[in-house]
Amino acid sequence: MHQPFQFSIQAQCSQTQARAATFLTPHGKVETPRFMPVGTLATVKALTPAQLKGTGAQMVLANTYHLHLQPGEDLIARAGGLHRFMGWDGPMLTDSGGFQVFSLASLRTIQEEGVKFRSPRDGRIINLTPEKAIAIQNQLGADVIMAFDECPPYPASKEAVIAATERTYRWLKRCIAAHDRSEQALFGIVQGGVYADLRTAAAEQLVDLNLPGYAIGGVSVGEPGDLINQIVKVTVPLLATEKPRYLMGVGTYQEMVQAIAAGIDLFDCVIPTRLARHGAVFVRGERWNIKNAQFREDFAPLDAECPCYTCQNFSRAYLGHLWRCRELLVYTLLSIHNITELVRFTARIREAILGDRFLSEFGHYLAPPESHQYHEKR
């Protein structure tokens, strides 16, 4: 019988745990390591699906919580599922909504059954349980779906993190029992805050369940970069080698390189489109503000070596002009470039791993934090 999901490793770095692999899904393959753009409401902001494909993106995320509130999973199912609804025919992943629900600190109540919260959209009371989170994602129809987890904030007491981590495991088993669509791969999420012993125990418990893939959650919720790196280094070696590994909510150059060196395959982050909406662009490791005066008469492309539509057709001066006029086109053009830049960055890492050049080409990103975060060009 044909397996809808297959994960195969093509190459392993001889000096780190970095690996290049292929993740086959019912809607195509994902070549890892790979950055995944975030399409919260069934759209990557400001981009058409054709433009998104042009960035080199292979897998896209959508948000269970937001789609449940608007327009609702029933409508999306009647439209033929999330792929058809948004016009994206490639691999897709939906999160469980856990992070969004737990960020509503003043509007929600956590119980063993699930989470009760007041919708910030229309005020109605919603009960989101592990079973409900899976049912919503089953109707949405993404290739990869995420277990419903409790995401403790940073900082949090160890007692609070223990309670959240243990509840996440109990909820995971309920998610597994509720999930019955073989064409969707259910990933478990390792929680445990910044505590190595809790991360270790959680990872070992999850691996025993033999899921199709594993994610590391509860990072990028306020921790400094060095703590994120420590969490990843502790957790990844405990996750199954032959399964995809996904680090949730991470998308800076250094964070991705450090995680890839530890053995992570997939990443997602809202950074490229969010910063584009503020006039910021990534150019070969630097962060530029396109509205700065130095670009007013600069007729060069953002990056002469970038193949994206923006760099092939428009100048820094034109992009700065659009931004100062607040023309809507600027959000599209900057988003196209930023997503292309991060996707190409991980694609270049993949090529380096295949040639066993990962450390020589990207090792400088493994220096202490702050050394290679985005540098502002003023």
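**The domain contact and its surroundings**

Modeller: Domain 1 and domain 2 bury about 2,300 Å² between them, and 72% of that is on carbon and sulfur atoms. Buried area here is the accessible area (1.4 Å probe) that two parts lose on being put together, summed over both. Phe35, Thr55 and Tyr253 supply 28% of what domain 1 buries against domain 2, more than any other three residues.

Some ground rules. This is a predicted model: local features need pLDDT of at least 70, side-chain atom pairs count only at pLDDT 80 or more, and totals for chains, interfaces and linings use all residues. Residues are numbered from 1 along each chain as its sequence is written, and side-chain values use heavy atoms, with hydrogens and water left out.

Next, the layout. Domain 1 spans 6-268 and domain 2 spans 277-360; these bounds come from an automatic or database domain assignment. Their centres, taken over C-alpha atoms, are 27 Å apart. Domain 1 brings 32 residues to the contact and domain 2 brings 24, where contact means heavy atoms within 4.5 Å.

Now the polar side of the contact. Seven residue pairs are in polar contact across the two domains, both partners at pLDDT 80 or more. A polar contact is a pair of N or O atoms within 3.5 Å; within protein, one must be able to donate a hydrogen and the other to accept it, and residues adjacent in sequence count only if both atoms are side-chain atoms.

Which elements build the domain 1 side? β1 (6-12), β2 (19-25), β3 (28-32), β4 (34-37), α1 (49-54) and α10 (253-262) each supply at least two residues. Helices (H or I, at least four residues) and strands (E, at least two) are DSSP runs, numbered from the N terminus. α10 gives the most, with five residues. By type, this side holds 18 nonpolar, 10 polar and four charged residues. Ala, Val, Leu, Ile, Met, Phe, Trp, Tyr, Cys and Pro count as nonpolar, Asp, Glu, Lys and Arg as charged, and the others, Gly among them, as polar.

Proline 33 lies in the loop between β3 and β4. The peptide bond from threonine 32 to proline 33 is cis, with omega near 0°. The loop between β4 and α1 holds alanine 42 and alanine 46. Alanine 42 has a positive phi of about 65° although it is not a glycine. Phi of alanine 46 is also positive, near 80°. Alanine 42 is buried at a relative accessible area of 10%, whereas alanine 46 is partly exposed at 37%. Buried means under 20% relative accessible area, exposed over 50%, and partly exposed in between (1.4 Å probe, protein chains only).

Another cis bond runs from glutamine 70 to proline 71, with omega near 10°. Proline 71 sits in the loop between α2 (64-69) and α3 (73-78). Glutamate 73 belongs to helix α3 and is buried, at 6% relative accessibility. Its side chain makes a polar contact of 2.8 Å with the side chain of histidine 68. Beyond four places in sequence, glutamate 73 touches Leu67, His68, Lys132, Ile136, Gln139 and Leu140.

Helix α6 (residues 130-140) carries asparagine 138. Asparagine 138 is buried, at 11% relative accessibility. The side chains of asparagine 138 and histidine 179 make a polar contact at 3.3 Å. Contacts of asparagine 138 beyond four places in sequence are Ile145, Ala178, His179, Asp180, Arg181 and Gln184.

Last, back towards α10. The buried residues of α9 pack against α10, and also against β11 (185-190), α8, β12 (213-216) and β13 (245-247). In α9 (residues 225-235) those buried residues are Gly225, Leu227, Ile228, Asn229, Ile231, Val232 and Thr235. Threonine 235 and glutamate 204 are 31 residues apart in sequence and 9.2 Å apart in space, C-alpha to C-alpha. Glutamate 204 is in helix α8 (residues 196-208) and is partly exposed, with a relative accessible area of 43%.
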